[in-house]
Amino acid sequence: MPVSSELNEEIKILNLFNLDTSLEGIKVHKDADDGSKAAIERLYRKGLVTQHDGGYLTELGRNCAEHVQTALRILAT
């Protein structure tokens with residue numbers, strides 16, 4: 001499966017989450033770039049985050065973010 005620019009933006013957002021705590025979320029501010037805003041909206045529609053502008057990871061989102069962050073760590077070594 002090719003990695004589209006949209007998927008790449010979603011991966012970047014999922015990599016921003018701190019997986020050491022479930023009490024820390026993210027918020028995409030109004031001055032963020034359009035790609036980030038669209039990515040977080042797509043993640044919300046997919047059920048991975050709790051709010052259309054960020055929020056917290058859902059259970060599915062946490063699982064996805066764990067896999068994304070693990071893959072990025074492995075590939076970066």
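I started with the length of α2: at 1.5 Å a residue its 12 residues should span 16 Å, and the end C-alpha atoms are 17 Å apart, which agrees. The expected span is 1.5 Å times one less than the number of residues in the helix. Helices (H or I, at least four residues) and strands (E, at least two) are DSSP runs, numbered from the N terminus.

I note that this is a predicted model, in which local features need pLDDT of at least 70 and side-chain atom pairs count only at pLDDT 80 or more, while totals for chains, interfaces and linings use all residues. Residues are numbered from 1 along each chain as its sequence is written, and side-chain values use heavy atoms, with hydrogens and water left out.

**Entry: burial in α2**

I looked up which residues of α2 are buried (under 20% relative accessible area; exposed is over 50%, partly exposed in between; 1.4 Å probe, protein chains only). They are Ser 36, Ala 39, Ile 40, Arg 42 and Leu 43. Seen down the axis of α2, these buried residues fall within an arc of 160°, so they line one face of the helix. The arc is that of the directions from the helix axis to the C-beta atoms. Asp 34 and Arg 45 are exposed, on the face of α2 turned away from the buried side.

I then checked what the buried residues of α2 pack against: α1, β1 (26–27), β2 (49–51) and β3 (54–57). Contact here means heavy atoms within 4.5 Å.

**Entry: α1 against α2**

I compared the axes of α1 (residues 5–16) and α2 (residues 34–45): they come within 9 Å and cross at roughly 80°. The axes are lines fitted to C-alpha atoms, for helices over the stretch in contact, and angles run from 0 to 180 degrees between N-to-C directions. The two helices, α1 and α2, are therefore roughly perpendicular to each other. For angles, under 35 degrees counts as roughly parallel, over 145 as roughly antiparallel, 65 to 115 as roughly perpendicular and the rest as oblique.

I listed the residues that meet: Glu 6, Glu 9, Glu 10, Ile 13 and Leu 14 from α1, with Gly 35, Ser 36, Ala 39, Ile 40, Arg 42 and Leu 43 from α2. By class, the residues of this contact are 5 nonpolar, 2 polar and 4 charged. Ala, Val, Leu, Ile, Met, Phe, Trp, Tyr, Cys and Pro count as nonpolar, Asp, Glu, Lys and Arg as charged, and the others, Gly among them, as polar.

I picked Arg 42, which lies in helix α2. Arg 42 is buried, with a relative accessible area of 12%. Not counting residues up to four places away in sequence, Arg 42 touches Glu 6, Glu 9 and Glu 10.

I also picked Ser 36 in helix α2. Ser 36 counts as buried at 14% relative accessibility. Leaving aside neighbours within four places in sequence, Ser 36 is in contact with Glu 9, Ile 13 and Val 28.

Val 28 is buried, with a relative accessible area of 13%. Not counting residues up to four places away in sequence, Val 28 touches Ser 36, Lys 37, Ile 40 and Asp 53. I also took the C-alpha separation of Val 28 and Ala 38, which are 10 residues apart along the chain; it is 9.8 Å.

**Entry: α1 on its own**

I ran the length check on α1: its 12 residues should span 16 Å at 1.5 Å a residue, and its end C-alpha atoms are 17 Å apart, which agrees. Glu 9, Glu 10, Ile 13 and Leu 14 are the buried residues I found in α1. They cover an arc of only 135° around the axis, which puts them on the same side of α1. Their cover includes β1, α2, β3 and α3.

**Entry: α3 and its contact with α1**

I found that α1 and α3 (residues 59–76) pack at an angle of about 100°, with their axes 9 Å apart. They are therefore roughly perpendicular to each other. Ile 11, Leu 14 and Asn 15 of α1 make the contact with Gly 61, Cys 64, Ala 65, Val 68, Gln 69 and Leu 72 of α3.

I noted Gly 61, Ala 65, Val 68 and Gln 69 as the buried residues of α3. They cover an arc of only 95° around the axis, which puts them on the same side of α3. Glu 59, Leu 60, His 67 and Ile 74 are exposed on the other side of α3. The buried residues of α3 pack against α1 and β3.
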